[in-house]
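Subject: Structure handover

Hello,

Please find the structure below. My notes on it follow.

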Amino acid sequence: MIGTVFREHKTKLFVLIMAFVSMLLMPLAIPDLHSLSKSWLTPWQAVFIFSNAATSYYMYSSHRWKLPGLFLMLATAFSVEWHRELHYAFAVLFFLGCIRPLVLDKRLNAYAVPYVLTLPLFIWDILVAEVAAIVVLLAYHANLLYLAWSINRKRKAL
């Protein structure tokens with residue numbers, strides 16, 4: 001049981017690192033990228049899809065994060081090239097849907113404040129807003145993963 005838990009933590013940590021690295025590399029590698037969704041139209045498409053699919057799976061596996069995970073998967077499933085309106089609708093629902101689980105978390109709800117503060121940035125610059133919001137989400141999930149790992153480590157020591 002404990003071995004399974006640690007493997008799961010390693011997998012989630014891998015997903016967090018992959019999401020962070022791909023989010024940083026795509027804007028650096030793709031000139032004039034105005035939104036992470038536009039990477040769908042580039043050779044980075046597979047990275048975008050894989051990162052979002054793994055992240056949405058991770059989110060969907062958590063009770064409070066099911067709806068944002070579903071919205072992220074749907075935003076990924078509907079390409080910005082062929083289904084622009086659906087893609088952006090699900091992307092907006094994803095970013096808005098993340099507010100509720102952040103606020104409802106009793107231990108880590110402080111992450112809700114910086115996350116909500118990133119949302120007005122969408123009016124100014126979509127890419128900057130996406131990156132800022134995702135950094136807050138990644139920090140939250142990394143903190144959550146660390147807390148779960150700490151609890152499991154203490155249980156193992158008993």
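Trp149 is partly exposed because its relative accessible area is 30%; buried means under 20%, exposed over 50%, and partly exposed in between, with a 1.4 Å probe and protein chains only. Trp149 and Tyr146 both lie in helix α8, three residues apart, about one turn of the helix. Helices here are DSSP runs (H or I, at least four residues), numbered from the N terminus.

This is a predicted model: local features need pLDDT of at least 70, side-chain atom pairs count only at pLDDT 80 or more, and totals for chains, interfaces and linings use all residues. Residues are numbered from 1 along each chain as its sequence is written, and side-chain values use heavy atoms, with hydrogens and water left out.

Aromatic rings

The whole structure holds eight aromatic pairs. Rings of Phe, Tyr and Trp (its six-membered ring) pair if their centres lie within 6.5 Å; planes under 30 degrees apart count as stacked, over 60 as edge-to-face and the rest as tilted. Tyr111 and Tyr140 are edge-to-face, because their planes are at 80°, with ring centres 5.7 Å apart. This pair links distant parts of the chain: Tyr111 is in the loop between α5 (99–104) and α6, and Tyr140 is in helix α8, 29 residues apart. Both Tyr111 and Tyr140 are buried. Tyr146 and Trp149 form a tilted pair, 6.0 Å centre to centre with 35° between the planes. Trp65, Tyr111 and Tyr140 make up one aromatic cluster.

The core

The largest nonpolar core has 38 residues, and Phe94, Leu102 and Tyr115 have the most contacts inside it. Such a core is a set of buried Ala, Val, Leu, Ile, Met, Phe, Trp, Tyr and Cys residues joined through side-chain atoms within 4.5 Å. Helix α8 gives the most to this core, with eight residues. Leaving out residues up to four places away in sequence, Tyr115 touches several residues, including Phe94, Leu102 and Val136; contact means heavy atoms within 4.5 Å.

Val15 is in helix α1 (residues 2–29) and counts as buried because its relative accessible area is 8%. Beyond its neighbours within four places in sequence, Val15 is in contact with Ala54, Thr55 and Tyr58.

What does Ser51 touch, not counting residues up to four places away in sequence? The partners of Ser51 are Met18, Ala19 and Ser22. Ser51 is found in helix α2 (residues 45–60) and is buried, because its relative accessibility is 5%.

Regards

Technical notes. Helices (H or I, at least four residues) and strands (E, at least two) are DSSP runs, numbered from the N terminus.
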